[in-house]
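Work through the exercises below with the coordinates open. Each task is followed by a solution in steps.

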Amino acid sequence: MGIDPDKSVQDYRALAARYDHATRRINGVRRAAVTALALQPGETVLDAGCGTGYCFQPVMAGIGSGGCLLAFDHSDDLLAIARNRAADAGWPNIAILQAAAEHVDFRDEIRRRGVFPPSALLFSYVHDVMQSEAALDNLLAQVMPGARVAITSTRLWPRSWWPLCVPVNRYLYRTHARYITSRDENFDRPWVKLAARMDDVRLHVYWPGWRYVVTGRLKHLM
Ligand SMILES: C[S@@+](CC[C@H](N)C(=O)[O-])C[C@H]1O[C@@H](n2cnc3c(N)ncnc32)[C@H](O)[C@@H]1O
């Protein structure tokens, strides 16, 4: 089972109306990931696979009206909710693009808005995006070298937590069927491909052990 973008778009179409309610238990760790970015007023932030835009509010609180949030997703159903969220809150400094991570291009937005490329990158529950080297190539080519990164999502319990990891991981595998199309790839360490492009990588595990935040900085390539 590899990444399947068509299935992902269809699954999120079915989930859209109840997505925020269904994912309310991860609100805390999503906010912890944004906090870990230590955002500064005026910064440009990338929210990769923003979904319904749950993370918009804490990001906007960090960057203020002088900052810029660049957000994209391939699900128009989730983005409709994200756009309403931004409109209701009156945030003009958010650019929301409908595109696949492998192809999204926000250089025009950056030019048009006269802002710097993103210096802080949020990957919140985007397992499929993080398993796509093409997506990572495309996204990281458009951001500041050395940008700060925060990653959060579900990881399987480590095998060393045997025997309880067996039923727990079976539960996680089953309950994520409609959120992740590539559960067979790196579900135990979803961050590995992105972390290979980062320095100062740190893993913070949150209760009940399948929630985590990974932080670090993009490597400066020579
Ligand atoms: C579990 S949701 C997370 C949404 C949001 N970041 C959050 O924290 O609630 C995963 C998101 O990744 C998006 N996604 C998955 N693969 C993608 C791709 N290749 N390109 C763009 N978006 C993608 C889905 O449409 C979905 O909105």
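Predicted model: local features only at pLDDT ≥ 70, side-chain atom pairs only at ≥ 80, totals over all residues.

**Exercise 1. Aromatic pairs**

Find how many aromatic pairs the whole structure holds, and classify the pair Trp 157 and Trp 161.

Solution. 
- Step 1. Searching the whole structure gives seven aromatic pairs.
- Step 2. For Trp 157 and Trp 161, the ring centres are 5.1 Å apart and the planes meet at 70 degrees. Planes over 60 degrees apart count as edge-to-face, so the pair of Trp 157 and Trp 161 is edge-to-face.
- Step 3. Check the exposure of each partner. Trp 157 has 14% relative accessibility and therefore counts as buried. Trp 161, with a relative accessible area of 36%, is partly exposed.

**Exercise 2. A pair across the sequence**

Describe the geometry of the pair Tyr 171 and Trp 210, and state where its two members lie.

Solution. 
- Step 1. The rings of Tyr 171 and Trp 210 are 6.1 Å apart, centre to centre, with 50 degrees between the planes, and the pair is tilted.
- Step 2. Tyr 171 belongs to helix α9 (residues 165-175), whereas Trp 210 is in the loop between β6 and β7 (211-218). The two are 39 residues apart, and their pair links distant parts of the chain.
- Step 3. Tyr 171 is partly exposed, at a relative accessible area of 38%. Trp 210 is buried, at 16% relative accessibility.

**Exercise 3. Other contacts of the rings**

Which arginine lies over the face of Trp 161, and which residues make a nonpolar surface patch with Trp 161?

Solution. 
- Step 1. Arg 155 lies over the face of Trp 161, at 5.4 Å from the ring centre.
- Step 2. Trp 161 makes a nonpolar surface patch of about 260 Å² with Leu 203 and Val 205.
- Step 3. Val 205 is placed in strand β6 (residues 198-206) and is partly exposed, with 41% relative accessibility.
- Step 4. For another charge over a ring, take Arg 30: its charged end sits over the ring of Tyr 54, 4.2 Å from the centre.

**Exercise 4. Salt bridges**

Solution. 
- Step 1. Arg 85 and Asp 20 meet through their side chains at 2.8 Å, N to O. Arg 85 is partly exposed at 24% relative accessibility, and Asp 20 is partly exposed at 29%.
- Step 2. Arg 148 and Glu 43 form a salt bridge of 2.7 Å, N to O. Arg 148 is buried at 18% relative accessibility, and Glu 43 is buried at 10%.
- Step 3. Asp 137 and Arg 197 form a salt bridge of 2.9 Å, N to O. Asp 137 is partly exposed at 44%, as is Arg 197 at 22%.
- Step 4. Arg 13, Asp 76 and Asp 77 are linked in a network of salt bridges.

**Exercise 5. Cysteines**

How many disulfides are there, and how far is the nearest cysteine sulfur from that of Cys 68?

Solution. 
- Step 1. The count of disulfides is zero.
- Step 2. For Cys 68, the nearest cysteine sulfur belongs to Cys 50 and is 13 Å away. A disulfide needs sulfur atoms within 2.5 Å, and Cys 68 is in no disulfide.
- Step 3. Cys 68 is buried, with a relative accessible area of 2%. Cys 165 is buried at 5% relative accessibility.

**Exercise 6. A glycine in a strand**

Is Gly 216 buried or exposed, and how far is Gly 216 from Pro 145 in space?

Solution. 
- Step 1. Gly 216 is located in strand β7.
- Step 2. With a relative accessible area of 10%, Gly 216 is buried.
- Step 3. Between Gly 216 and Pro 145 the C-alpha to C-alpha distance is 12 Å, and the two are 71 residues apart in sequence.

Conventions:
Residues numbered from 1 in each chain as written. Heavy atoms only, no water. Patch = residues over 30% accessible without salt bridge, like charges linked within 9 Å, V, L, I, M, F, W, Y side chains within 5 Å. Areas by Shrake-Rupley, 256 points an atom, 1.4 Å probe, with all protein chains shown as cover. Salt bridge = Lys/Arg side-chain N within 4 Å of Asp/Glu carboxyl O. Helix = DSSP H or I, 4+ residues; strand = E, 2+ residues; numbered from the N terminus. Buried < 20%, exposed > 50% of the residue type's maximum accessible area, 1.4 Å probe, protein only. Phe/Tyr/Trp six-rings, centres within 6.5 Å; stacked < 30°, edge-to-face > 60°. Lys NZ or Arg CZ within 6 Å of the ring centre and 35° of its normal.
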